[in-house]
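Hi,

Here is the structure I promised to send over. Have a look at it first, and then read on for what turned up.

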Amino acid sequence: MTTDSSGDVRLTGIGKTYDNGFTAVQPMDLTVPQGSFFALLGASGCGKTTTLRMIAGLEEPTTGTVHLGDQDVTHLPPYKRPVNTVFQSYALFPHLDIFENVAFGLRRRGIKSVKKQVEDMLELVQLGEQARKKPHQLSGGQQQRVAVARALINHPKVLLLDEPLGALDLKLRRQMQLELKRIQTEVGITFVHVTHDQEEAMTMADTVAVMNAGRVEQLGSPADLYENPNTTFVANFLGTSNLIEAEVDTKSGDDIILKAGGGKLVLPEARCSAPATTGGKVLVGVRPEKISLTHADDAGSIPEGRNRITGKVADASFIGVSTQYVIDSAVCPEFAVYVQNIERDGRLVPGADVVLHWSPAHTFGLDAAQDIDAGTEEEAA
Amino acid sequence: MPFVNWLKKNLVVIAGLLTLGYLLLPNVIVTVFSFNKPKGRFNYEWQQFSLDAWKQPCGVADMCGSLSISLRIAALATIGATVLGTMIAFALVRYRFRARGAVNSLIFLPMAMPEVVMAASLLTLFLNMGAQLGFYTILIAHIMFCLSFVVTAVKARVMSMDPRLEEAARDLYAGPVQTFVRVTLPIAAPGIAAGALLSFALSFDDFIITNFNAGSTVTFPMFVWGSAQRGTPVQINVIGTAMFLVAVLFVLASMLINNRRNRQKA
Amino acid sequence: MATLTEAPPPLAPAPEKKPARKRGRFTPYWLLLPGILWLIIFFALPMIYQASTSVQTGSLEEGYKVTWHFATYWDALSEYWPQFLRSVFYAAAATVLCLLLGYPLAYLIAFRAGRWRNLIMILVIAPFFTSFLIRTLAWKTILADNGPVVHVLNSLHILSLTDFLGWTAGDRVLATPLAVVCGLTYNFLPFMILPLYTSLERIDGRLHEAAGDLYAKPWTTFRKVTFPLSMPGVVSGTLLTFIPAAGDYVNAELLGSTDTRMIGNVIQTQFLRILDYPTAAALSFILMAAILAMVTIYIRRSGTEDLV
């Protein structure tokens, strides 16, 4: 056993089907390398929490194995696994004070002198003053830090976090995201973090696995997932994407030329995750902030070589740092465009004719056989 | 018409307080008549003030003996019913098993059965078995009818308990026994305590079932029943008043302590 | 930070062969066994014994034998039907009175008591700690023939009205149906108040405001919002009052006369004084069957299945 891989989490062919026949997790392989901050991201019911609970030992997999480093822990009960969990809504013991909550794990392993360790740990999470209070006397943020301290004091090989920030308000959540990231860097333990908040996953994790319907849809660094989504679910669930159905016209060098609504679009072949045969369909995607908006009167000033689409402003909302436009175009009735408020063009009001244009390098291509709305909020509701 | 308006607004309060008066009136009478010095054998009419009974609470033959029998039975019945009932409650909430519906009915039926029916049928059983009626038959009967109340009280508490707390304990290296002792039991404690308290009160005050199955053993309620026929000593009122006061003081004290503790911590 | 980067403590080396959950397959049965056995032996089995006793014939001296003598049931019913009817009437009257008296108090505790809530709660429960027999005897003093209650009722000519209705007799309250119903109501009132309070307390106070906001007058609010939402409490409260009241014999014995004997009195006398076990068992069995039937119908009709 090398120290480098002792904190690896290796899931091999792991799957979970409940007695009632519901399959929460389809058999899958997943490796979380030692020391990484790994996020399982998905909507509720996608299997991310079940996956986490199988690592913790709270749920037994129907198929497959769980390895921590070289040790097979598949059939170990949770109290024999070197893994600790920060539970959703914390699960702090209401009858014990903060000190005893944090000392719980140490005491169960028969460690006698816990005082120094617990005090150090409470200092780390800035709760030294609160040691003798009961959990219900603390604020949500403080309870969250107790939950982290209670798990970390056991030096687990892996720390599991189940929606740890879900109960906090937005401002506190941002603060705790940075705090958790700091702690992870400091202790160097593998963190596996389950969340439905894509911004949270991208802020905190080195690697994100996007899960949907019991499967991992795509795995990669946050920037990679955002820039190169492989499925419509990832494209829509992580941020917003404009997806246009297009037909493959020709190929020219490294680029694919597509026809959409009478116009032509250029897509680098390397950024297309679907097979592109002439005459076949693909979904062309572009993120709203990559698009520039020019009034139709100035269409001549747009440089050559950019993808362009004409349309009409349907709606404009001023957000502060940016303005979000909805453009009605022939290829897509609700094209989202985010424009930074550097120099605002006063002519871009609802009803104005505009040209949307963006660099072909920011275009991605997806398999047209998928549901174009997968992962959007409309679908979730 | 401000008065009519006031009356309309507070009608429910007035009605509620009248009901409260109805509930408390007998206790007032019991207390007042504990200072009576009755002429005859019965203590139903006010004669004159006297502290005699308070000075000699055990001055009546057999009364304090019956009190101690009642207290002993109540204590043992409470322990028995609480242990057995808590086990059943945990099984019902925490596990899936066959015959769950039958078990639930068996718990519910004793609470939906008139006491006299249980009393009579239990007596038939004891007579058929040739059991010696007395302390132990009373105890058996009391554990039987207290059980369901404990199950109900504990079940409610365990059901409202977050299952993640036990998962957290297991995650933090507590094995099954440790999890139960360190987490489950302390959190279920208020429900268990409520069930135990109820058992004690029910057992101590039970008359009908006891009357059928006591043989020649005399519990405190049976002593009171007998005295209603033979003559009611004032000491009965002394005991009744004292228990009422002890109960109220006990509750008030625990409330005050709780309040102070909460204020200190907040 | 040093404490955090130390090597993790050694943990169990070899994985267990058996999954943890399988071990607990028999746990529920072990947990259930003692308590359920207790209930089977001392609750269910006696019912069977009683059923068998009710169809036996014989005498105390020669012993009893099962002869499937169902005539006992017929004889018992034809002889004691007035006591059965009386029990149902008295218990029903006490239940209605408990609901009428108990609802305002439960409402008061739930919504209007404010800082007095706990105190009133204690005052409702505390009388329990004085033996109910002692408290029932106190009613003998309260309703005494020359006491203030009878005096007031008499001077208001209420007693002549109740005499006329057959509730009282001869200008006295003691030893009349009124006294028995009054005692039953008093004894089982807390069993009505507590479930009522529990279900009222669960009602969100904002619902009252919402109803008021939607043009409901206070009485309409009560009829259309509060009362329907408190139905679970009403159902369990009426059951908890009616069932014990129907089987009670203490109030009839202490506050009533030979004309107010209820079925409980008959069963008690047959069992403990006359020692006619088959008749007593038959009566008890009929009472049980009647109550179970009524409870079942009542629960079905009120649509509240989850009473326990």
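One term before anything else: two residues are in contact if their C-beta atoms, placed from the backbone, lie within 7 Å. Keep in mind too that this is a predicted model, where local features need pLDDT of at least 70, side-chain atom pairs count only at pLDDT 80 or more, and totals for chains, interfaces and linings use all residues. As for labels, residues are numbered from 1 along each chain as its sequence is written, while chains are lettered from A and ligands numbered from 1 in the order in which they are written.

Let's start with chain A. It is divided into domain 1 (3–227) and domain 2 (232–380), with bounds that come from an automatic or database domain assignment. The C-alpha centres of these two domains of chain A lie 38 Å apart. Between them, 8 residues of domain 1 of chain A are in contact with 6 residues of domain 2 of chain A. On the domain 1 side, β9 (207–212), β10 (215–220) and α7 (222–227) of chain A each supply at least two residues. (Helices, H or I with at least four residues, and strands, E with at least two, are DSSP runs numbered from the N terminus.) By class, that side of domain 1 of chain A has 4 nonpolar, 3 polar and 1 charged residues. Here Ala, Val, Leu, Ile, Met, Phe, Trp, Tyr, Cys and Pro count as nonpolar, Asp, Glu, Lys and Arg as charged, and the others, Gly among them, as polar.

Now for the strands of chain A, where two strands pair if DSSP finds at least two bridges between them. An open sheet of 4 strands has the order β2-β1-β4-β5 in chain A, and the pairing is antiparallel. Its edge strands are β2 and β5 (71–72) of chain A, each of which pairs on one side only. Helix α1 (residues 48–56) of chain A packs on this sheet, where it touches β1, β2 and β4 of chain A. The direction of this helix makes about 120° with that of β1(A); angles run from 0 to 180 degrees between N-to-C directions, and axes are lines fitted to C-alpha atoms, for helices over the stretch in contact.

Within the sheet, β1 (residues 9–17) and β4 (residues 63–68) of chain A are antiparallel and share 5 bridges. You can find A:Val9 opposite A:Leu68, and A:Leu11 has A:Val66 as its bridge partner in β4(A). On to β2 (residues 23–32) of chain A: 6 bridges join it to β1(A), again antiparallel, and A:Lys16 is partnered with A:Val25 in β2(A). β1(A) and β2(A) form a hairpin with 5 residues between them, and A:Gly21 in the turn has a positive phi of about 95°.

There is a further hairpin in chain A, formed by β12(A) and β13(A) with 2 residues between them; A:Gly261 in its turn has a positive phi of about 55°. Strands β12 (residues 255–260) and β13 (residues 263–268) of chain A pair in the antiparallel sense over 6 bridges, with A:Ile256 opposite A:Leu267 in β13(A).

Next, the chain contacts. Which chain does chain C touch with 71 of its residues? That is chain B, which brings 68 residues to the contact. α1(B) gives the most to the chain B side, with 15 residues. By class, that side of chain B has 54 nonpolar, 11 polar and 3 charged residues.

The contact of α4(C) with α9(C) has 25 nonpolar, 2 polar and 1 charged residues.

Cheers
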